[in-house]
Amino acid sequence: MTLMNRISILCLLMLSSALACSAQESPYFVTYNHHLEEPGNLDIEISTTTNVPRWGQKFYFAPYAEFEYGVTARWTTELYLEGQSTYGDSTLFTGWRFENRFRPLKREHWINPVLYLEYESINGADRIQKEIEGGAPDVSSRNSELRASTNHELETKLILSSDVHDWNLAGNFIVAKNFSQNEGFEFGYSLAFSRPLATLASGSSCRFCRENFSAGMEMYGGLGSTLGFGLHNTAHYAAPVFAWLVSDNATLRFSPGFGLNHESSPVLFRFGYSYEIKGFTSKLSRFFGGEK
Amino acid sequence: MKQLIIFGIVASLAAAAFGQNVSYQPDPNWLPPNQAAAKLNPLAQKSQAMPGGRKLFQRNCAECHNPDGSGMEKKHAADLQLPVVQNQSDGTLFWKITNGNPDRGMPAFSQLPELQRWQLVLFLRTLKRPL
């Protein structure tokens, strides 16, 4: 079998194996909690951020693909590929980011810290708003102007998360440094809580059982930079979040984020569809003739 | 001595036939605090909650522990049918599901609601091999 054939079959295998696996996705889009990807699993997610524009702004659609892999039980790594399409303007690839999350503590505690480190190479037209730090993103300029500036940014987060009586509470504090521009260090935050709609699993295999749904709320925004710290001149959103375990492997998520000040878009709609391939490493190894 | 070797071989073959992870050795450092170990399963008298536990087990655990709980050797996953597992208290099993054991590749399942973790414990009890 040629390598191309193997790769084609592998892609089919990935899709088909996904039909027999499960996912436990948090409903959050922006906030991270302390639950990492299970070791050896690959979670593939397609999400998008769209806006309701203010007067003089344009409607945009910013899709992104996310590949999340559990390296160990305490280390998850993730790659993002991002794009953007603006009505009456253009469609373009806006960049990529690579992130890692580490759990320093072995056991569950009342508050569970996670350390987050990310490198991103994105241009000024990026609008997925996976997090908001520093000032508000530029949604008025044309893509041709925005794409000219490429940002190489290092970002860290302190993730604190807690599970209390089936509620998950999480808070992220963001510090980012853009090496391409002299903006100082930029800061941001996000806070969230969520809960499944039912806590007891039914014995039957059902799609619309309450246990398959979870709901919550996120609040996120910027905190300025070392050149001007504070809540002003930056965007803030309050966003209800909903997740539905569509099948044993797939999760659908939705969140309308409502802008809380003039720097924010009136509404940001976020959609996400993810599926998890359990034992991805073993399947890959077996496919290429590795350990049975 | 010869009888002992034969017994060993037969026992290993029988274990393999059952798909059992014969090499499984519990981690001596993976122990819950006394208070956690003493917790009682609030669903212990609710056998109708067990099928939900089975569903959760197939969804979250079978990938490493096998659908029958016998454990995959290459993943160092415990054979949940063994007395060394079944003799542990409900509270201990609950604590182990909640916290995981990252050193041995067992993830934490604290993202599952508390009652669902107890449902898993309820189902684990059904895996006990009859004497």
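View 1. Just past α6(B), Gly100(B) adopts a positive phi of about 65°. Helices here are DSSP runs (H or I, at least four residues), numbered from the N terminus. Please keep in mind that this is a predicted model, in which local features need pLDDT of at least 70, side-chain atom pairs count only at pLDDT 80 or more, and totals for chains, interfaces and linings use all residues. Residues are numbered from 1 along each chain as its sequence is written, and chains are lettered from A in the order in which they are written.

**View 2. Helix α6(B) is largely enclosed by the rest of the structure.** Seven of its 10 residues are buried, meaning that 20 or more other C-beta atoms, placed from the backbone, lie within 10 Å of a residue's own. Among them are Leu93(B), Phe94(B), Trp95(B) and Ile97(B). The buried residues of α6(B) pack against α2 (34-37) and α7 of chain B.

**View 3. Helices α3(B) and α7(B) cross.** Their axes, lines fitted to C-alpha atoms over the stretch in contact, come within 7 Å and cross at roughly 95°. The two helices are therefore roughly perpendicular (65 to 115 degrees). Met50(B), Leu56(B) and Phe57(B) are among the α3(B) residues in this contact, and Leu120(B) and Phe123(B) are among those of α7(B); residues are in contact if their C-beta atoms, placed from the backbone, lie within 7 Å.

**View 4. Chain B meets chain A.** Each chain brings 24 residues to the contact. On the side of chain B, α3 (50-60), α6 (90-99) and α7 (114-125) each give two or more residues, and α3(B) gives the most, with six.

Definitions and conventions. Contact = placed C-beta atoms within 7 Å. Buried ≥ 20, exposed ≤ 12 C-beta atoms within 10 Å, placed from the backbone. Axes fitted to C-alpha atoms, helices over the stretch in contact; angles between N-to-C directions. Parallel < 35°, antiparallel > 145°, perpendicular 65-115°, else oblique.
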